[in-house]
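Please examine the structure below with attention to how individual residues are placed.

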2 protein chains.
Amino acid sequence: MKGGILFVYDNKEMLQRQEPHSLPYPDLETYTVDMSHILALITDGPTKTYCHRRLNFLESKFSLHEMLNEMSEFKELKSNPHRDFYNVRKVDTHIHAAACMNQKHLLRFIQHTYQTEPDRTVAEKRGQKVTLRQVFSSLHMDPYDLTVDSLDVHADRQTFHRFDKFNSKYNPMGASELRDLYLKTENYLGGEYFARMVKEVAQELEESKYQYSEPRLSIYGRSPEEWQSLARWFIQHQVYSPNMRWVIQVPRIYDIFRAKKLLPNFGRMLENIFLPLFKATINPQDHRELHLFLKYVTGFDSVDDESKHSDHMFSDKSPSPDDWTSEQNPPYSYYLYYMYANIMVLNNLRRERGLSTFLFRPHCGEAGSITHLVSAFLTADNISHGLLLKKSPVLQYLYYLAQIPIAMSPLSNNSLFLEYSKNPLREFLHKGLHVSLSTDDPMQFHYTKEALMEEYAIAAQVWKLSTCDLCEIARNSVLQSGLSHQEKQRFLGENYYKEGPEGNDIRRTNVAQIRMAFRHETLCNELSFLSDALKSEEITAPDN
Amino acid sequence: MKGGILFVYDNKEMLQRQEPHSLPYPDLETYTVDMSHILALITDGPTKTYCHRRLNFLESKFSLHEMLNEMSEFKELKSNPHRDFYNVRKVDTHIHAAACMNQKHLLRFIQHTYQTEPDRTVAEKRGQKVTLRQVFSSLHMDPYDLTVDSLDVHADRQTFHRFDKFNSKYNPMGASELRDLYLKTENYLGGEYFARMVKEVAQELEESKYQYSEPRLSIYGRSPEEWQSLARWFIQHQVYSPNMRWVIQVPRIYDIFRAKKLLPNFGRMLENIFLPLFKATINPQDHRELHLFLKYVTGFDSVDDESKHSDHMFSDKSPSPDDWTSEQNPPYSYYLYYMYANIMVLNNLRRERGLSTFLFRPHCGEAGSITHLVSAFLTADNISHGLLLKKSPVLQYLYYLAQIPIAMSPLSNNSLFLEYSKNPLREFLHKGLHVSLSTDDPMQFHYTKEALMEEYAIAAQVWKLSTCDLCEIARNSVLQSGLSHQEKQRFLGENYYKEGPEGNDIRRTNVAQIRMAFRHETLCNELSFLSDALKSEEITAPDN
């Protein structure tokens, strides 16, 4: 590792000569230059006006489309045999594994374990073995009397704009013992309980047949052993499901580990996260479990409370990760760049060797500064949330033009950052941004057994979405997911990767061709409008 | 029958002397006088101001209560063992049997019948027997290809303020043949398919254990045989479930029958509706099936599009039902009075004989004139919808003071009459009106398998209701339902009929005693405030 980025050398000699294997990645300078360019762009008055107008135009255009073609769209869907909203494929594009079961499910599971194996040793405390019965008696609670109220994992009015309170909701009954026991992969039981619950959720998905999900599992970067242990958990408990694809989330909590002196500098954190992956890629036979696990991992996520402010302004003068020894947390843009650069090097290496590659799908624009959306624009394959695009017409228009996918979770936002009725999802969808619906944390936010359906149902009811709207969102969710090329062909149509109606097989997606044509024409129109303007140089230069 | 009301004579002699058995009921004059009194009251300026202020006060008082006691309420619930929102009893207080399954359920059922018995004779057309296969081939449809889109029973944007379009959604694929075959109790199969579907819905309720429902079955008053046929359907197919209580809905469509010359006058319609009930009450042994069926019927409902205007103004000069021979439909108030009077006579008769009695629970205040709410205030045990109370502070205050229960269906309203965010349910709940949540028509409005939970979930999410709010609504729903005294004791507590915290067993209802105390004190306060004012005669007389 050098300057926070891993390099691979073909042999020792090359290492001595400092000639790494060529695995291209964008260098720091390119990133910071691009970033300041876009930062200038988004604050430029004329550009803002221009983008604002184009977005308004897009919205009005859709309204017009709706008025004129709503009935024709529905007619198309009615005459489409066998396929309706219920049997089109939907992917829950953003969900955390530790909260993928609903509160009632968790409650039942806890009660079930207590009924069936109260005398099992489930933990060790200061050398003493502790049984399940002892865990609960130390909490003064009989699991029979346990309720979702006393479990207290559901977000409520107290959590609005309080991410800290929300985070503590991950502890059932406010007790971190229970979180460790039931919601972690590393504990005395080797994460058995958590694995069983995740598998129950997977079972339900498989039964539903048309629902898929992409749960996030955490790698913290505290130690290089984390990967090995996570992979072992996954394989030992066979936490595999055809209806699940895994994403690794890296919490941005270097500052906490640094304060506890678990890490000397930020570079070490990156090394802990990425070095094991390079090793497993280069020598799969020495890292069988990890190698196998990585087959089911489709991407990386970067998570934490975005509303936390950082003093540091990332530039090419910022300390390199190895020199980042302060207790301060690096800013969002810093995290994103180094994760992205390493993932890119890794992907290039894996591609050379015919292995699967990873997408970068950070949380972005849930709260905090809109500059996060600039970093993600430069690095991410798709993002989760994207709420704050609402506040920047330039960025919103850029995300539209580039069709960067956005996994939105309006029910989660409703509990944490933005009231449901003010959520921009409907507006984004109308304008043609590439949005999908996701649950984020069913344990905290949802009431029914089918969290993803609850999410769709509420959006449909509150925003009066048509069947075609719903199926368009579902199609987007498959497109932006980590499902394989073959699966996407099966779920969306042979030519799903083509643009416009050509890429849509209505018999599988139940999205009207009229809608697809409208979206395609509109996007082409915007792009050609821009390129024409560039040609004739009539466009107001952004640096004016 | 005389003047639209049934009289019972002890023997022939009494009949000759025109001395009926004494079964008190409110006479027409009382009704019309009371009605005009309230009509004057609701338009009186000072009364309006007074009520408006009191209602504002009630709302602010609740906000204050919430700010001060929210955490204490939740603490109470957390320490309440074994009971949470999921295992408190909830009753779906307003649901139509013909739409009690969701659209996906109906679709699957249709496909299932076609797969298992395509060659069964299911209808007779002009003397010719028709098989299921023939039904579908005449519609040019293979049920395998059928989708919820082609079924087209779901309400959508086209139905907003179009009750007529909504009504036609009861026809799967727009085909009345399918409605007759699958959603009716009278057809070639004796309503077997409908019975099977209703029983499947009941099965799901029984499995959920904590959910109950009160589906409406129709009696039209076209002919006196309807009751017999409905009772036979019920008994033959054993459409009984411990989790269902039945309500009879009478559509207000005299004008349609009259135009088709099926009825000579309105009096005959009333006779067709009520005479069979009197007969079955007096001679149960001659009407075994009906007598048995009536044990499971707990009330009457009056239904139709309230937004239809009527020219006639009901007064004591209106023609009596026997003389109502015109093709015009009688107004809402007329229907309500005559149903109410007959139900009351019938109840008095049944009470004398130790038989069950019926509640009167009309649809009211969904749309149309607010005078409907006046009629219902004078006659109804509880009402469905009550949306328009929003428009009349006086009526709203009266419904509050009298604690007349209101079964609200915001998702239904959202599709038909009022956007979700504008629905007054939250406001009514805060002020202390006796509201419950109900689904109305899961087939048309809901997306998930658990329609009632979907209703609660959306209300909770959109309005950020607390657990205590949800459990209060659930408690209200049991209270206002037709469940028996014993069941209510089991679900709400021994003394559920008492007012205030005394009547609440938190171990069964999960409603905080702090909340109960607040509601009780507030209501007592309003009442004593009024009576004090009356005593000191300081109140502005409403006829000023």
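The model shown here is predicted. Because buried means under 20% relative accessible area, A:Gln111, at 18%, counts as buried. Beyond the residues up to four places away in sequence, A:Gln111 touches A:Pro143, A:Tyr144 and A:Leu146.

Another helix of chain A, α2, covers residues 28-43 and holds A:Thr32. With a relative accessibility of 11%, A:Thr32 is likewise classed as buried. When neighbours within four places in sequence are set aside, A:Thr32 is in contact with A:Ser315 and A:Asp316. A:Lys317 itself is exposed, with 73% relative accessibility.

Such pairs follow a general principle: side chains of opposite charge can pair when their charged atoms come close. How many salt bridges are there over all chains? The count comes to 57. One of them joins A:Lys169 to A:Asp156, with 3.6 Å between the closest N and O atoms. This pair links distant parts of the chain, 13 residues apart: A:Lys169 lies in the loop between α7 and α8, and A:Asp156 in the loop between α6 and α7. A:Lys169 is buried, at 9% relative accessible area, whereas A:Asp156, at 28%, is partly exposed.

In chain B, the side chains of B:Glu214 and B:Arg361 meet in a salt bridge with an N to O distance of 2.7 Å. B:Glu214 belongs to strand β4, while B:Arg361 sits in the loop between β7 and β8, 147 residues apart. Are these two residues buried or exposed? Both B:Glu214 and B:Arg361 are buried. Salt bridges may also share partners, and in this way A:Glu66, A:Glu70, A:Glu73, A:Asp469, A:Glu472, A:Arg515, A:Arg519 and B:Arg157 are joined into one network.

On the surface, A:Glu200, A:Glu204, A:Glu206 and A:Glu207 gather in a patch of negative charge. A:Glu204 is located in helix α9, residues 192-208 of chain A, and is partly exposed at 40% relative accessibility.

Finally, A:Glu225 occupies the loop between β4 and α10 of chain A. A:Glu225 is exposed, with 52% relative accessibility. Although A:Glu225 and A:Pro276 are 51 residues apart in sequence, their C-alpha atoms are 8.3 Å apart in space.

Methods. Residues numbered from 1 in each chain as written. Chains lettered and ligands numbered in written order. Predicted model: local features only at pLDDT ≥ 70, side-chain atom pairs only at ≥ 80, totals over all residues. Heavy atoms only, no water. Patch = residues over 30% accessible without salt bridge, like charges linked within 9 Å, V, L, I, M, F, W, Y side chains within 5 Å. Areas by Shrake-Rupley, 256 points an atom, 1.4 Å probe, with all protein chains shown as cover. Salt bridge = Lys/Arg side-chain N within 4 Å of Asp/Glu carboxyl O. Lys, Arg positive; Asp, Glu negative; His and termini not counted. Charge placed at Lys NZ, Arg CZ, Asp CG, Glu CD. Helix = DSSP H or I, 4+ residues; strand = E, 2+ residues; numbered from the N terminus. Buried < 20%, exposed > 50% of the residue type's maximum accessible area, 1.4 Å probe, protein only. Contact = heavy atoms within 4.5 Å.
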